[in-house]
Amino acid sequence: MKSRHGFLLAMLLTTPALGGGIGRAAEQTAWKAGLAKASITPDKPMWMSGYGPRLAERKLHDIWIKVLAVEASGGHRAVVVTSDVCGFSKQSYEAICVELKKRCGLERSQFMLTCSHTHTGPALRECLHGCWPWNEEPARTLVEEYSLWLEDTIVEKVRESLAQMAPATLWAAEGMADFAVNRRNNPEGEVPAIRQRGELLKGPVDHSIPILAVRTPEGQLRAAVFGYACHTTTLALQEWSGDYAGFAMIALEQQHPQMQAMFYQGCGADQNPLPRRSVELCRKYGRMLAEGVADALAKPMRPVASRLATAFDFVDLAYERNLAEAELRSLSQGTSVPALIAQRYLGQLAAGPLPQTYPYPVQVWKLGQDQLWISMGGEVAVDYSLKFKAQYGPRTWVAGFSHDLMCYIPTLRIQKEAFGQETGALWAYALPAKDWSRDVEDRVTQGVARLVEQVK
Ligand SMILES: [Zn+2]
């Protein structure tokens, strides 16, 4: 039976408002945390990313990169960056990692680069080439210069966050918002009618909102990092915005002026906010997400002990087969983006065989005793977060679209349902193949399992 004293201690440990005094567990308050942020709204007309070529000249609201650095009692550090962009290329991700190692001493395993996947954000170098006039000037130079500035700004802001480390407590919880719809299993136009009839929408979804909160030792909220598995595609305007995630962060920061709200995309590759395409709907989904976070922040959260383990690996994902030289030759005619990419691969082919695998980034962090935070590259299907939560328990968070955005990451179920159609959009993403091999899910799952074992 629990003693009276034990019960009181348990109450104090699980009540965030009671940060100070006798209830403070030494281990829990031994975190340090540092924050930084920068607006990344382009100050001149710039190309957007996510759909076909669009140029934005004004903003719906500012877009941001935001940084949270944490340090556990043993001195081990980890840094998460959230960003209002569609995704980073491998070139950008590698350049940032090199600079972080050089300037901040951070290993790759300690750095989680995430994005919201907003489709009203800036085009970035070597990423989603088909979304902007990649091969034309002045677009090429404009996007190159902006990308290099953004990469440098991320490194600078990480440095700033590390320089501002102060004692902190960490808390974990999960909220809920139900606007994400499986876009593979529900025709977009039919969603409102299905809902009106009170019928259930089809297909797997993940409506949970993983939340990491940072407070001062006195209990003041300083940051909330939260994810949601749903494409940020409510809007397709020619105005900068963070889509529903941008509105959610604005709402939360208005509600908690001392708090930095940070959003990352979950495993939302096959999820859409439906219906969509109006600012009103976008605000509504932002409000729903913010309410899901705010509700969780207002309730007792799980204290996170000051322990941190970080692990990272590249898993080789195999292509089903490379594009043959004849296919590349037929694709290479003309000056379209696919033609230019085919010409690039033909050039590489002249120097030797094309790569048959892709180095897929997978990272696992363990915070406290048992909070797992998995982050994976590419447009990850929702099945993965459901699978890893079933496998590793409810205290598992999964970020997709992290590190670099190479293409879609389907599961075997999706590959089978596609009846031979390509499911990864590899060629659209300028990879030298039409699809992943059928063992893509196994390779990803085994890679994550190895890292989970490491952080244990
Ligand atoms: Zn996408």
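These are my notebook entries on one predicted model, from the whole chain down to single residues.

**Ground rules**

I number residues from 1 along each chain as its sequence is written. Because the model is predicted, I take local features only at pLDDT of at least 70 and side-chain atom pairs only at pLDDT 80 or more, while totals for chains, interfaces and linings use all residues.

**Entry 1: the whole chain**

I started with the secondary structure, which comes to 12 helices and 22 strands. Helices (H or I, at least four residues) and strands (E, at least two) are DSSP runs, numbered from the N terminus. I then looked up the radius of gyration: it is 22 Å, close to the 23 Å that the globule rule gives for 456 residues, so the chain is as compact as a globular protein of that length. That radius is taken over C-alpha atoms, and the globule rule is 2.2 Å times the number of residues to the power 0.38. Along the principal axes, the C-alpha atoms fill a box of roughly 75 × 55 × 45 Å.

Next came burial: 51% of the 456 residues count as buried. I call a residue buried if 20 or more other C-beta atoms lie within 10 Å of its own, exposed if 12 or fewer, and partly exposed in between, with C-beta atoms placed from the backbone. I also checked contacts, meaning pairs of residues whose C-beta atoms, placed from the backbone, lie within 7 Å. Of the contacts with a separation of 6 or more, 79% are between residues 24 or more positions apart.

I followed an open sheet of 4 strands, with the order 17-18-19-21 and mixed pairing. Two strands pair if DSSP finds at least two bridges between them. Strand 17 (308-318) and strand 21 (396-399) stand at the edges with a single partner strand each, so one side of each is left without a neighbour in the sheet. On average, neighbouring strands are turned by 20 degrees against each other, direction ignored. For axes I use lines fitted to C-alpha atoms, for helices over the stretch in contact, and angles run from 0 to 180 degrees between N-to-C directions.

Which way do strand 18 and strand 19 run? They are antiparallel, joined by 6 bridges, and valine 364 has isoleucine 374 of strand 19 as its bridge partner. The two strands form a hairpin with 3 residues between them, and glycine 368 in the turn has a positive phi of about 65 degrees. Strand 19 (residues 371-376) pairs with strand 21 in the parallel sense over 4 bridges. There I found tryptophan 373 opposite tryptophan 397, and leucine 372 opposite threonine 396.

Helix 10 (residues 382-392) touches strand 19 and strand 21, and its direction makes about 155 degrees with that of strand 21. Helix 12 (residues 440-455) touches strand 17, strand 18 (357-367) and strand 19, at about 160 degrees to the direction of strand 17.

Strand 19 is mostly covered, with 6 of its 6 residues buried. Gln371, Trp373 and Ser375 point one way, and Leu372, Ile374 and Met376 the other way.

**Entry 2: two helices together**

I moved on to helix 3 (residues 90-104) and helix 4 (residues 139-163), which pack at an angle of about 35 degrees with their axes 10 Å apart. Among the residues making the contact are Ala95, Ile96 and Leu100 of helix 3 and Ile154, Val155 and Val158 of helix 4.

**Entry 3: arginine 307**

Arginine 307 lies in the loop between strand 16 (302-304) and strand 17. Leaving out residues up to four places away in sequence, arginine 307 touches Ala72 and Gly368.

Most residues other than glycine have a negative phi, and most peptide bonds are trans. I noted a cis peptide bond between glutamate 137 and proline 138, with omega about 5 degrees. Another cis bond runs from leucine 274 to proline 275, with omega near -5 degrees.

Histidine 117 has a positive phi, near 70 degrees, and is buried, with 28 other C-beta atoms within 10 Å. Arginine 277 has a phi near 85 degrees, but counts as partly exposed with 15 C-beta neighbours inside 10 Å.

How values were computed. Two residues are in contact if their C-beta atoms, placed from the backbone, lie within 7 Å.
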